[in-house]
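Student: I would like to go through this model term by term. Please set each value against its definition before drawing a conclusion.

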Amino acid sequence: MINKAIILGRIGRVSLSSPAAPVKFSVATSSSHKNKAGEWETETTWHNVVAWGDESYKKSLSDKLSDAIGAMVYVEGKIEIRDWATEEEPDVKRRDISIRAEKVSLLPTNKGGAKKETGDAPASKSKATAAAEDALPFK
């Protein structure tokens, strides 16, 4: 079975509530289609992303993303679904759907600009795999 999510969109909110918590951020993706009247409409979807790692990785990622609100970001990971309820309302079931990031890359914001890599999530790949990926024309 495969559980793989790849999104390319704009960075929304970013939060790191404590050193032990994951970095949580949102990414907006858009798609366009013609409505019944033949006019183009754009729909925006907000995706919740969660990134785990050691404290220094999370702090660095949070800082880079916070400085780049609105910039394009590439996220690769897996979809996670979490069902939960509060103690105050145990009969009210809630559901969180997020992408657990395995790779996050900021994309260039100007012509000829270099891509800012935030790097792989801490369960990083081998140097050979990383070198092979660096040779690809896209990431």
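Student: How many helices and strands make up the secondary structure of the protein?

Tutor: The secondary structure comes to two helices and six strands. Helices here are DSSP runs of H or I with at least four residues, strands are runs of E with at least two, and both are numbered from the N terminus. Along the sequence the pattern is β-β-β-α-β-β-β-α. This is a predicted model, in which local features need pLDDT of at least 70 and side-chain atom pairs count only at pLDDT 80 or more, while totals for chains, interfaces and linings use all residues. Residues are numbered from 1 along each chain as its sequence is written, and side-chain values use heavy atoms, with hydrogens and water left out.

Student: Why is I11 called buried?

Tutor: Buried means under 20% relative accessible area, exposed means over 50%, and partly exposed is in between, with a 1.4 Å probe and protein chains only. I11 has 3% relative accessibility, so I11 counts as buried. This residue is found in strand β1. Over the protein, 29% of the 139 residues count as buried.

Student: Which residues does I11 touch, not counting those up to four places away in sequence?

Tutor: Contact means heavy atoms within 4.5 Å. By that test I11 touches S26, L65, A68, I69, G70, A71, V73 and L106. One of these, I69, is 58 residues from I11 along the chain, and the two C-alpha atoms are separated by 5.1 Å.

Student: What makes A71 buried, and where is A71 found?

Tutor: A71 is found in the loop between α1 and β4. Its relative accessible area is 11%, so A71 is buried. Leaving aside neighbours within four places in sequence, A71 is in contact with G9, R10, I11 and T109. A71 and L107 are 36 residues apart in sequence, with 7.4 Å from C-alpha to C-alpha.

Student: Why does S62 count as buried?

Tutor: The relative accessibility of S62 is 9%, and therefore S62 counts as buried. S62 sits in helix α1. Beyond its neighbours within four places in sequence, S62 is in contact with V14, L16 and V23.

Student: What makes a group of residues a nonpolar core?

Tutor: A nonpolar core is a set of buried Ala, Val, Leu, Ile, Met, Phe, Trp, Tyr and Cys residues joined through side-chain atoms within 4.5 Å. The largest such core has 19 residues, of which F25, V49, L65, V73 and V75 touch the most other members. β1 (5–15), β2, β3, α1 (55–66), β4 and β5 each give two or more residues to this core. The largest share, four residues, comes from β5. In soluble globular proteins, nonpolar side chains tend to be buried together.

Student: With which residues is L65 in contact, leaving aside its neighbours within four places in sequence?

Tutor: L65 is in contact with I11, V14, F25, V73, V104 and L106.

Student: How do you know what counts as a pocket?

Tutor: On a 1 Å grid over the protein atoms alone, where a 1.4 Å probe fits, a pocket is an open set of points with protein on both sides within 12 Å along at least five of seven lines. Lining residues have an atom within 4 Å of a point. The largest pocket holds about 310 Å³ of space. Of the 16 residues that line this pocket, K24, V50, R82, D96 and S98 are the closest to its centre. β2 (23–34), β3 (40–51), β4 (72–84) and β5 (94–106) each give two or more residues to the lining. β5 gives the most, with five residues.

Methods
Grid points are joined across faces, edges and corners, and a volume is the space filled by probe spheres set on the points.
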